Amino acid sequence: MSDMLKVTLVKSPIGAIPKHRKTVEALGLTKLNKTKMLPNNAATKGMIQQVSYLLKVEEA
């Protein structure tokens, strides 16, 4: 199991509910097509699961 995840914002959070917008911001994704390397832990996976319809996730 990889210890890092490559997360990319592929859909704009403008139309999303406010809680999901804040989750995307907390993941460090501020602009469309921005990619961040995040640790593969339970907290990160929960955040990604909540806004999965806005993201593309790959193991790095």
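Okay, let's start with Glu-58, which is partly exposed, at a relative accessible area of 32%. Keep in mind that this is a predicted model. What does Glu-58 form a salt bridge with? The partner is Lys-56, and the closest N and O atoms of the two are 3.5 Å apart. Lys-56 also counts as partly exposed, with 42% relative accessibility. As a general point, side chains of opposite charge can pair when their charged atoms come close. And if you search the whole structure for salt bridges, you find 1.

Now, on to the sheet. In what order do the strands sit? It goes β2-β1-β3, so to speak reading across: 3 strands, an open sheet, antiparallel pairing. β2, residues 35-39, and β3, residues 55-59, are the edge strands; each has a single partner strand, so one side of each has no neighbour in the sheet. From one strand to the next, the twist averages 25°.

Let's look at one of those pairings.

Last stop, the helix. Thr-23 is part of helix α1, which spans residues 18-26. Buried or exposed, then, for Thr-23? Buried: its relative accessibility is 9%, and the cut-off for buried is under 20%. So who does Thr-23 touch, once you set aside neighbours within four places in sequence? Met-47, Gln-50 and Val-51 are the contacts there.

How values were computed: Residues are numbered from 1 along each chain as its sequence is written. This is a predicted model: local features need pLDDT of at least 70, side-chain atom pairs count only at pLDDT 80 or more; totals for chains, interfaces and linings use all residues. Side-chain values use heavy atoms; hydrogens and water are left out. Helices (H or I, at least four residues) and strands (E, at least two) are DSSP runs, numbered from the N terminus. Buried means under 20% relative accessible area, exposed over 50%, partly exposed in between (1.4 Å probe, protein chains only). Contact means heavy atoms within 4.5 Å. A salt bridge is a side-chain nitrogen of Lys or Arg within 4 Å of a carboxyl oxygen of Asp or Glu. Two strands pair if DSSP finds at least two bridges between them. Axes are lines fitted to C-alpha atoms, for helices over the stretch in contact, and angles run from 0 to 180 degrees between N-to-C directions.
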